[in-house]
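This report walks through one protein chain in a few short sections. Please keep the sequence and the model in view while reading.

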Amino acid sequence: MKKIFLLVVLLFSVTSIWSQRNQIIAYMDMEYILENVPEYIQAQNTLDAKVAKWRKKLDDQARHIEVLKSDLANEKAILTKELIEEKEEEISIKQVELRRLESLYFGPNGDLFLVRKQLVKPIQDQVYNAVQSIAKRKNYDFVFEKSSDLVMLYSNKKYDISELVLSTIDRTRLQEQKKEERNKKKAAPKKEVTKVQQEKIEQKEALQNKKIEAVAKKIAEQEAKKKEIADKRKALMKQREEKRKLLRQKKEEARKKKEEEKKEKEKEKNKEDN
């Protein structure tokens with residue numbers, strides 16, 4: 001009746017709002033999602049191992065109580081009243097201890113509840129955050145859980161966002177792993193350099209220095225050669241200029257001499273004419 005009542009209320013609510021605007025509804029299968037989340041499987045295996053350990057301890061203690069009861073029944077005829085009461089009290093104490101352990105392990109606030117909360121809650125939070133992110137991105141008005149008490153009389157597979165939730169969780173996990181790896185690299189201490197590694201580093205640096213020196217020497221030789229060629233060219237130009245100057249002087253002297261000879265001839269001719 002409770003399930004039918006919830007379904008009727010849901011249908012009534014959706015129908016009353018439908019006239020205002022179209023509603024976007026999706027659903028997911030929580031069991032399917034959790035079965036495909038590696039962290040959940042690991043957490044469930046851890047929880048199952050703890051439960052098995054607790055049950056073994058309770059079973060061992062229960063068998064021990066049964067052995068005490070059987071021994072008492074077999075020996076009761078030969079025991080005194082005080083011994084019988086003492087053994088019955090021992091059995092009673094162990095039964096109380098057994099009930100206490102049962103409550104401690106499997107009670108409402110027992111170890112099972114606390115461990116499940118500790119292991120499973122972070123994974124449920126991942127699913128919840130993924131659903132919130134998808135709902136906001138896709139503008140869903142309602143996201144239902146298929147395996148909840150609410151009975152789904154019909155579900156169209158295209159509204160199932162279970163795979164989308166899983167891919168969102170995987171993407172978030174990958175981002176967190178990359179972030180964690182970056183943080184580890186930043187926080188990782190520098191490795192100490194061994195003697196052999198130090199020698200290799202020094203050899204590498206020495207080789208690199210030799211290469212640098214060779215390149216510098218080659219550049220210096222090229223510069224010296226350029227300077228030598230420039231000096232030779234400068235000296236040659238100076239020699240050529242001196243030869244030209246000397247040649248000009250000789251020409252000038254020859255011209256002056258020729259003019260003087262010409263003047264002398266003119267003087268002699270003038271003397272003869274007079």
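Predicted model: local features only at pLDDT ≥ 70, side-chain atom pairs only at ≥ 80, totals over all residues.

Where in the chain is a negative surface patch formed? Glu260, Glu261, Glu264, Glu268, Glu272 and Asp273 are the residues that form the patch. Aspartate 273, one of these residues, is found in helix α7, which is made up of residues 195-273. The relative accessibility of aspartate 273 is 59%, so this residue counts as exposed.

## The overall plan of the chain

Taken as a whole, the chain contains 7 helices and 2 strands. Read from the N terminus on, these elements follow one another in the order α-β-α-α-α-α-β-α-α. The chain has 274 residues, and 18% of them count as buried.

## Aromatic pairs and a cluster

How many aromatic pairs are counted in this model? The count comes to 3 aromatic pairs. In one of them, the ring centres of tryptophan 54 and phenylalanine 106 are 6.1 Å apart and the ring planes stand at 80°, so the pair is described as edge-to-face. Tryptophan 54 counts as buried because its relative accessibility is 11%, whereas phenylalanine 106, at 25% relative accessibility, counts as partly exposed.

Phenylalanine 106 takes part in another pairing, this time with tyrosine 105: the centres of these two rings are 6.3 Å apart and their planes are at 80°, so this pair is edge-to-face as well. Tyrosine 105 has a relative accessible area of 7% and is therefore buried. Together, Trp54, Tyr105 and Phe106 form one aromatic cluster.

Is isoleucine 84 buried or exposed? Its relative accessible area is 14%, and isoleucine 84 is therefore buried. Isoleucine 84 and leucine 72 are 12 residues apart in sequence, and the distance between them in space, taken from C-alpha to C-alpha, is 7.4 Å.

## An asparagine in a loop

Which backbone angle deserves a careful look at asparagine 139? Although asparagine 139 is not a glycine, its phi is positive, at about 60°. This residue is placed in the loop between helix α5 (111-138) and strand β2 (142-145). Asparagine 139 has a relative accessible area of 53%, which means that this residue is exposed, as the limit for that class is a value over 50%.

Notes
Residues numbered from 1 in each chain as written. Heavy atoms only, no water. Patch = residues over 30% accessible without salt bridge, like charges linked within 9 Å, V, L, I, M, F, W, Y side chains within 5 Å. Areas by Shrake-Rupley, 256 points an atom, 1.4 Å probe, with all protein chains shown as cover. Salt bridge = Lys/Arg side-chain N within 4 Å of Asp/Glu carboxyl O. Lys, Arg positive; Asp, Glu negative; His and termini not counted. Charge placed at Lys NZ, Arg CZ, Asp CG, Glu CD. Helix = DSSP H or I, 4+ residues; strand = E, 2+ residues; numbered from the N terminus. Buried < 20%, exposed > 50% of the residue type's maximum accessible area, 1.4 Å probe, protein only. Phe/Tyr/Trp six-rings, centres within 6.5 Å; stacked < 30°, edge-to-face > 60°.
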